[in-house]
Structures are given as structure tokens and as C-alpha cells.
Amino acid sequence: MTSQSPQRLSQLTWNNRFAQLGEAFSSRLSGTELPSPQWLAHSRLLAQEMGLERDWMHEKGVLEALSGNAILEGSEPLASVYSGHQFGVWAGQLGDGRALYLGEVDTALGPMEIQLKGAGPTPYSRRADGRAVLRSTVREFLCSEAMAGLGIATTRALCMVSSPLAVYREERETAAVITRVAPSFIRFGHFEHFAALQNTDALLTLTEFVLELSREDLQNHLNLPHLADLSLEERSLAFLELTAIKYAKLMSQWQGVGFCHGVMNTDNMSILGLTMDYGPFQFMDSFDPQHICNHSDHQGRYRYGQQPQIAYWNLFCLGQAFASLINDTDAIVKALSTYKTHLPMEMQRVYAGKLGLLQEQPGLEGARLEDSMLQGVLQVMSEQRVDYSIFWRKLSMAVLNAQKLGPNAFNPVKDLFLEPQMFTAWLDTYWDRLKSEDLGLSAQCMLAHNPKFVLRNHLCETAIQAAKVGDPSEIDRLMDLLSKPFEEHPGFEAYADHPPHWAQSIAVSCSS
Ligand code: AMP
Ligand code: MG
């Protein structure tokens with residue numbers, strides 16, 4: 001941990017523990033020249049949380065360093081190697097094809113790895129250019145910070161630089177580089193890589209490394225002060241169980257805010273249960289459990305309703321990778337099966353919060369939400385394709401207003417339905433159920449669980465178009481709204497409204 005006084009980037013202490021793991025894990029390299037870099041945006045909030053001084057970006061050499069054009073003293077840039085399952089199929093070796101790991105610094109948030117994405121080719125670029133286009137960089141930047149604002153575990157984004165460098169995707173675009181920050185960028189795919197190579201030594205080293213990174217979490221999970229008293233096998237099993245629990249929480253949070261990741265390949269799954277690698281993600285507009293946000297996902301493998309199931313599939317890939325360290329396959333399956341018991345509990349917690357149901361229900365074993373109540377509301381929303389975020393926020397406001405207006409307060413919610421009969425039937429049961437609650441407390445809970453602002457595709461798109469012509473103000477505005485998405489922000493109602501008609505034509509794919 002650093003002292004309390006804000007620091008310049010160059011004052012942070014570098015530790016680079018990942019770099020010290022050895023040659024099998026990464027290749028040392030530096031960035032490739034990025035012509036005429038310019039600051040595009042930065043996260044004031046993250047800089048503050050990290051303990052950086054207010055105008056840290058203006059320090060001499062920082063723009064060049066975070067463009068990949070210079071190396072900060074103490075940094076040991078590298079690209080790491082991993083493999084993974086992509087769309088359900090083993091893809092073999094992948095690796096940081098365009099991410100440059102600068103190292104690990106001591107920050108007020110604790111040790112944090114810093115990574116540039118889009119800083120040029122690496123030994124793992126597989127004939128691609130190692131670059132990222134401005135469009136996808138803005139999306140990743142905004143979404144990282146939006147997720148943090150929603151209280152969902154995520155890698156963070158400190159800043160972005162743009163450059164006139166031409167990058168060719170479906171058309172000519174320009175390059176940008178994002179600085180990402182996380183306690184670790186290790187993926188399930190890192191473990192799969194060494195398991196596939198049957199490199200047990202490397203697997204062991206990597207396991208000890210993530211066990212150390214997760215020491216506090218593991219100790220809390222096991223309620224044990226001395227992890228070292230346990231065998232590696234026991235600690236690894238506890239780690240798998242902990243990871244399963246983290247993913248149960250993460251998936252319930254994604255589902256709760258209508259977030260679709262789009263590419264839940266195992267190389268995009270963080271070992272620490274962070275949302276990472278924002279590509280063709282989307283916060284759903286109208287509710288459809290079958291919604292596919294990624295135009296490259298032809299089979300709909302990663303559709304919204306399937307995400308919790310896919311997380312379980314991915315956990316099994318991780319479990320398989322651990323099989324050479326843990327001889328007892330049944331114990332691995334048992335550890336991972338924790339996901340199956342935790343997911344319904346976490347879902348129940350998220351949706352009870354969204355519905356403002358705080359009182360435990362008799363006969364429900366301490367639970368606050370009847371399954372039929374949840375399935376009922378999701379079913380009516382899905383049948384009428386009601387806007388997901390607007391529905392929940394309006395329902396929260398209705399419960400707030402119901403203290404004065406009674407059931408009439410729900411009329412604005414009914415108005416969201418073309419044919420409100422089914423919704424009205426559900427509402428009768430819900431209203432009845434609310435009689436056992438304190439409406440004021442329920443409303444307070446709902447307003448803290450149902451965001452007014454989510455990063456919809458069209459909001460991203462508007463910010464991208466403005467940034468392309470040199471105007472970053474829309475990015476800054478979105479950052480303000482999305483860092484506090486549960487607040488009202490009077491005057492910005494348009495950002496919480498239904499998407500415009502043209503939003504339907506936005507197609508996001510793996511191209512980035
Ligand atoms: P993604 O679909 O973005 O998670 O990327 C999958 C793999 O492709 C990772 O190994 C990336 O590093 C690599 N990759 C994606 N785009 C590029 C690019 N433009 N240049 C080099 N590698 C890339
Ligand atoms: Mg990726």
C-alpha cells in the first residue's frame with residue numbers, strides 16, 4: 001500500500017510478480033511506435049481510487065508511456081501466453097496478441113497490474129496487427145467503468161489515447177490504446193494452456209501464484225488463518241470452489257442488469273471472477289432471454305439466457321486443467337458444483353433486491369422471493385418485449401410513489417405494455433406481497449438495485465461518432481452518469497430513455 005498523499009505515476013513502486021514467474025509464461029517486449037498519440041479520456045474516479053494525483057496524466061512522459069512509445073522506469077513490459085476454448089471448441093495457443101502488460105504497481109487499491117491494449121503486435125498476434133480501433137476502445141473504456149459503477153466485479157480502465165494511425169477492419173478506422181488496470185489479468189486459458197502442454201511445473205507455479213493473489217479471499221472463504229497448513233491439493237480445491245462462488249455472483253449480477261458479454265470464451269474468463277475483455281457486449285434494450293448481442297455468434301451460444309450455463313461449462317474447463325494437480329476428479333466436480341447451489345441463491349438475492357422484497361417468506365427456507373413471482377414477471381416482460389432497464393426503474397419509482405398513491409402508482413409501468421392484462425395479473429400478486437413490506441424501505445432498496453442509466457449500444461455509438469471527429473465530451477458525460485448509475489441526474493432523462501429507432505441497426509461483432 002502507498003501513503004495517503006496523491007502520487008504521480010512515476011512515483012508508484014513496481015513489483016512485477018507475474019514477470020518473475022519465468023520464461024514459460026510470457027515474452028518480454030516493448031510497444032510499437034504509435035504515431036501522434038493524444039489523450040482521449042481518463043477515469044477520474046479510478047485515478048483517485050489508485051491514489052494518483054489529480055493531473056497525473058500531465059506528468060512528462062506519461063502520454064508516451066501509456067501509448068506504448070516509452071517505458072516507465074520499473075516497468076518490465078511483456079505479453080503473456082494462454083490458450084482457450086472459443087465457442088465451445090479448443091482453440092489451442094492464443095495469448096496477449098495486442099495487450100502489453102507493463103507490470104504491477106503498488107496503489108491505494110493494493111497491487112494492480114497495468115496493461116495497454118492495442119499497443120502493437122506481440123509473439124501471440126497470429127498475423128493480426130496488434131492494434132485496437134477507436135470504436136472498440138471507447139466501448140471497453142466506458143463499459144469497464146460502467147460495470148464498476150454498478151458494483152459488478154470488473155477490470156478497470158484508467159485512460160485512452162487516440163492516434164491517426166490507420167487500422168483496417170471491415171473498413172478503414174483509426175487506432176487507440178486503452179490502459180487497463182486489474183489485480184490480475186490471468187484467465188482460465190492460462191491454466192488450460194499449461195495443462196494442454198502437460199507442463200505440470202508451470203501449472204504448479206501458476207497455481208501457487210493465483211493462490212497467493214487470492215490469499216485473503218481464500219482465508220475468508222475457508223475461515224482459516226493459516227492456508228499454508230493445507231496441502232496444495234486442498235488449497236486448489238478451495239480455490240476452485242471459491243471461483244465457482246465468484247462466478248455464481250457475477251452471473252446473477254450480469255443477468256440482473258441485463259448485461260450480455262457476447263464472447264464468453266475461456267480465454268476471456270478472469271481467474272479472479274472479474275468481467276473482462278469487453279468486445280461485442282450489450283446491455284439489453286427490450287427483454288428477450290434469447291437475445292444474442294454478438295453478430296459473430298451465429299449459433300447463439302452466448303445468448304443472454306444461456307450465460308449462467310456457459311459459466312458452468314467454462315468452470316469445468318478450468319477444473320479439467322487442474323486435474324493434473326488434483327488426483328481426485330470427484331473432488332474437483334464437487335468443488336465446481338458449488339456453482340449450482342450458489343447460482344439460485346445469488347439470483348434470488350439479486351431479483352429480491354430488484355423487486356424490493358426484503359422480508360423472508362414463511363415456507364421458503366429463509367428466502368425472500370418465490371420462484372413463481374420472478375418467473376411470472378420475466379415471462380410477461382419477455383412476451384411483450386418490454387425494455388428491461390426502464391421496466392425495473394419505473395417499477396422502483398412506482399413502489400416509491402405507492403406510499404401516497406396506492407396501486408394507481410403502477411399505471412406508468414402498465415403503460416409499458418401494449419397488452420397489460422398479463423402484467424396486471426402479476427401486479428395483483430406483487431402488490432399483495434408488498435403488503436408485508438415497508439414500502440419506503442422497499443423503494444429505497446429497488447432504487448439502489450435498478451440502475452437508471454446503463455451503457456446502451458446507442459449511447460456508446462453517439463460517444464464514438466463524436467470522438468471520431470475529435471470531441472470527447474460525450475465520453476466524459478457518459479462517465480459521469482455511469483459512475484453513479486443509481487442516482488437521478490436531473491436533466492439527463494434522455495440518457496435513460498428508450499433507444500432511438502436507429503439503435504436497431506447497430507451491429508456489434510468480434511471485429512475490434
Ligand atoms: P478476443 O476475441 O478479443 O478475446 O481475442 C482473441 C485472441 O485474438 C486473443 O489472443 C487476442 O489477443 C487476439 N487478437 C484479437 N484481435 C487482435 C489483433 N488486432 N491483433 C492481435 N491479436 C488479436
Ligand atoms: Mg480476449
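Q: In which helix is Lys414 found, and is Lys414 buried, partly exposed or exposed?
A: In this predicted model, Lys414 is found in helix α12, which covers residues 411–414. The relative accessible area of Lys414 is 24%, and because buried means under 20% and exposed means over 50%, with partly exposed in between, this residue falls into the middle class. Lys414 of helix α12 is therefore partly exposed.

Q: Which residues does Lys414 touch, not counting residues up to four places away in sequence, and how far apart in space are Lys414 and Ala448?
A: Once residues up to four places away in sequence are not counted, Lys414 touches Pro420, Phe423, Thr424 and Leu427. Lys414 and Ala448 are 34 residues apart in sequence, and their distance in space, taken from C-alpha to C-alpha, is 22 Å.

Q: Which residues of α14 make the contact with α9, and how many residues of the contact are charged?
A: On the side of α9, the contact is made by Val350, Gly353, Lys354 and Leu355, while α14 brings in Cys445, Met446 and His449. The residues of this contact divide into 4 nonpolar and 2 polar, and the number that are charged is 1.

Q: Which strand is joined to β9 by a hairpin, and which residue in that strand is the bridge partner of Ala157?
A: Strand β9 (residues 156–168) and strand β10 (residues 172–182) pair in the antiparallel sense over 9 bridges, and they form a hairpin with 3 residues between them. Strand β9 is also joined by 4 bridges to strand β2 (residues 38–42), again running antiparallel, and there Ala41 stands opposite Met160 in β9. For Ala157, the bridge partner in β10 is Arg180.

Q: How many residues of strand β6 are buried, and which residue in β7 is the bridge partner of Thr107?
A: Strand β6 (residues 99–107) is largely enclosed by the rest of the structure, because 9 of its 9 residues are buried. This strand is joined by 8 bridges to strand β7 (residues 110–117), which runs antiparallel to β6, and a hairpin connects the two through 2 residues. In β7, the partner of Thr107 is Gly110.

Q: Which residues coordinate the magnesium ion, and are they buried or exposed?
A: The magnesium ion (ligand 2) is coordinated at 2.0 to 2.1 Å by Asn268, through OD1, and by Asp277, through OD. Asn268 has a relative accessibility of 9% and Asp277 has a relative accessible area of 12%. Because buried means under 20%, Asn268 and Asp277 count as buried.

Q: Where is His190 placed, and is His190 buried or exposed?
A: His190 has its place in helix α4, residues 188–196. Leaving aside neighbours within four places in sequence, His190 is in contact with Phe18, Ser80, Val81, Tyr82, Phe185 and Leu206. With a relative accessible area of 1%, His190 is buried.

Terms used. Residues are numbered from 1 along each chain as its sequence is written. Chains are lettered from A and ligands numbered from 1 in the order in which they are written. This is a predicted model: local features need pLDDT of at least 70, side-chain atom pairs count only at pLDDT 80 or more; totals for chains, interfaces and linings use all residues. Side-chain values use heavy atoms; hydrogens and water are left out. Donors are N, O and S atoms within 2.8 Å of the metal (3.2 Å for Na, K and Ca); water is not among the atoms, so sites may look incomplete. Buried means under 20% relative accessible area, exposed over 50%, partly exposed in between (1.4 Å probe, protein chains only). Contact means heavy atoms within 4.5 Å. Ala, Val, Leu, Ile, Met, Phe, Trp, Tyr, Cys and Pro count as nonpolar, Asp, Glu, Lys and Arg as charged, and the others, Gly among them, as polar. Two strands pair if DSSP finds at least two bridges between them.
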